[in-house]
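Dear colleague,

I am handing over the structure we spoke of, and I would be glad if you could look through it alongside the notes that come after it.

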Amino acid sequence: MKVILYFCTELEPKTFMNNIKYPLLTSPIQLGKVTFRNRIFSAPMGATDITADCCPGPRTQGFYELRAKGGAAAVTVSELVVHPDTDGSHMLHLDLETVGCLAAHTFVADAIRRHGAVPSIELSHSGQYAGTYMSDKNKKQSLNQWGPSDGVRPDGRPVKALSKEQIADIVKTYGEKAALCKRAGYEMIMVHAGHGWLLHQFLSPYLNHRTDEYGGSLENRVRIVREVLASVRNAVGEGFPVEVRLSGSELFDGGYDIDDGIKIAQAVEEYVDLIHVSAGSYQFGFFNTTPPMFDEHGVNVWLAAEIKKHVKKPVATIGALSDPGQMERIIAEGKADVVYMARQLLADPFHPQKVMAGQEDRIVKCLRCYTCMAERPVTFTRRCAVNPLIGRENEGMEILPARQSKKVMVVGAGVAGLKAAVTAAQRGHKVILCEKTDKAGGILKSEQAIPFKYEMYELGVVLERQARDEDVEIRLNTTVTPEYVEKEGVDALILAVGSTPLVPPIPGIDSDNVIVVNDYYLNKDKVGDSVVVLGGGLAGCECAIHLGMEGKKVELVEMRDTLAADCNIRQRPILMRKVDEFSTAHTGYVGQRITADGVVCKDKDGNEVLVPGKTVVCALGQRANRADVEALRRCAPFVREVGDCVRPANITKAIYEAYHAALDI
């Protein structure tokens, strides 16, 4: 284990501070009577394991603790349902009747605080979206969906209007839950009044059609939010930080716009210490709230910037932020006082610590692939494509040194090979990483030419930097044979030899107008104004979108009836919208031959159809390099296969397998 000590006794504190690259982002901020160590806050993200009686489980404690350990100034636990009688969502509860519930929350708050972060918790009510997070979706049928007005949800379920008596009870309960949270050790309260949940439903003219004092004018629609915040403030007292989370705009026709967002913020600021400005509404999807890879970074910052011009309290912003330089500029330009991140702190929980240390080139960027969000409805757990610890933090947050250092050879320097090499070296093994080409990165190198996938390319770059930091010996232009392994005398062999593009033997496939998608970054200047993308899997769809964004006429051809069947359930709806926007898709078409004018296909009825395009991009998938595996799989006492050479899949699988293979040595 390497221990590096930094001695700064000869430096004056002022001199040291002047050398910090991001002085505003790393400076403290005081909210109420609490000082936060920097301006990087960890946004609310749903708990990992929630018990049957809605208490935080042990994995939840580790889930939030890791971001505190990584240097975030505040870590917000999400979401505490304040009024279970009218909100059946299976999210966190806090009461004194459930045995162990208060203690479980106390352990979570303690775990965050012991690393120097401020433990915060989000108080919420789902309103008409009660049951959203229930594992048994059929139980939604037995729930009453409550909202400001009678109506029907987009999925057809009826919504009942809350009575004034119910509203009063909900307002009172917000205060009661805030007091319990303070008792449990949370040191900040966030009231969720955005994203389409109950308080936002009252704010929205699209959903709120009441004719009493809680509906109609903006003053009336904001009334319940003011009452809730007053209830919370009375419960926790002055000086205890209270934060409100708002959507600066609903961003759809019929919803409120930024002008109303400003007025809402002004109406509630007297009760709060921080105004957290997000965007969008669950009513029309989460895409504005959680921006996809196709959006620019910081796409929603303008909402916070506009609101900040009209309020006196500090303002926080959020939305696809990962670059410290951009976040420093946001604060420097007066657009916000605090920067929140959610998915980025899953990808790299130590992002804030790396910023403080001036190691921003070692930050692992979020891919915005929605793996983290897609895992929730599928398995009700957490997972991150680039961080194998997420959701499994209590299995060990530290990479412990091996009992005995061994000589390890990793074959293949793609994402799996790099991750395996880094992890093995961190355990104290002597690691040799062999790559048959002249550059590390594997298939990730091909992503550098597609702007919205550039973080995938950067992942390979950062992993290579990490490998060199850990003294991994990287041998490029090196083909590994059984004789080569025997000569090195290694104790362990990790095979990460990847996959090869599938290129079918159809007539014309070798023509000059054909480019394999993996090689697009080397041949992008050869692509004409009209393109046929042959293959409608995830890679083909993303390539088609990119080419369409560049102004090319794109035809997308897929032999199956479904496009992007390999895409996760959260990303796929967004992907399909972009495919429709930037290309013309043909499903059930089988490529027969390639000509100078495009691809001749056979449709479902057996008819030949020419799909026109001067350039053809072949994106028909990958085949595992099993022959390379079979040649080497018996060449060391310990051999493990990881990544695409096992079965072509995705970055998530490659990272996870590689990490654990290295831990097993």
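Predicted model: local features only at pLDDT ≥ 70, side-chain atom pairs only at ≥ 80, totals over all residues.

The barrel is closed by 8 strands, which follow one another in the order 3-4-5-9-10-11-12-13 with parallel pairing, and from one strand to the next the twist averages 30 degrees. At one place in this order, strand 3 (residues 40-46) runs parallel to strand 4 (residues 74-81) and is joined to it by 4 bridges; within that pair, Phe41 stands opposite Ala74 of strand 4.

Two helices can be described against these strands. Helix 4, which spans residues 164-184, lies across strand 4, strand 5 (118-124) and strand 9 (188-193), and its direction makes about 160 degrees with that of strand 5. Helix 7, covering residues 223-236, also packs on the sheet, where it touches strand 5, strand 9 and strand 10 (242-247), and it runs at about 170 degrees to strand 9.

Some points of backbone geometry deserve a look of their own. The peptide bond between Ser78 and Glu79 is cis, with omega at about -25 degrees, and Glu79 belongs to strand 4, the strand that is bridged to strand 3.

Cys54 is placed in the loop between strand 3 and helix 2 (58-69), whereas Leu251 sits in the loop between strand 10 and helix 8 (258-268). Are these two residues buried or exposed, or do they fall in between? Cys54 has a relative accessible area of 7%, and because this is under the 20% cut-off, Cys54 counts as buried. Leu251, by contrast, has a relative accessibility of 33%, which lies between the cut-offs of 20% and 50%, so Leu251 counts as partly exposed.

How values were computed: Residues numbered from 1 in each chain as written. Heavy atoms only, no water. Pairing = 2+ DSSP bridges. Axes fitted to C-alpha atoms, helices over the stretch in contact; angles between N-to-C directions. Contact = heavy atoms within 4.5 Å. Buried < 20%, exposed > 50% of the residue type's maximum accessible area, 1.4 Å probe, protein only.
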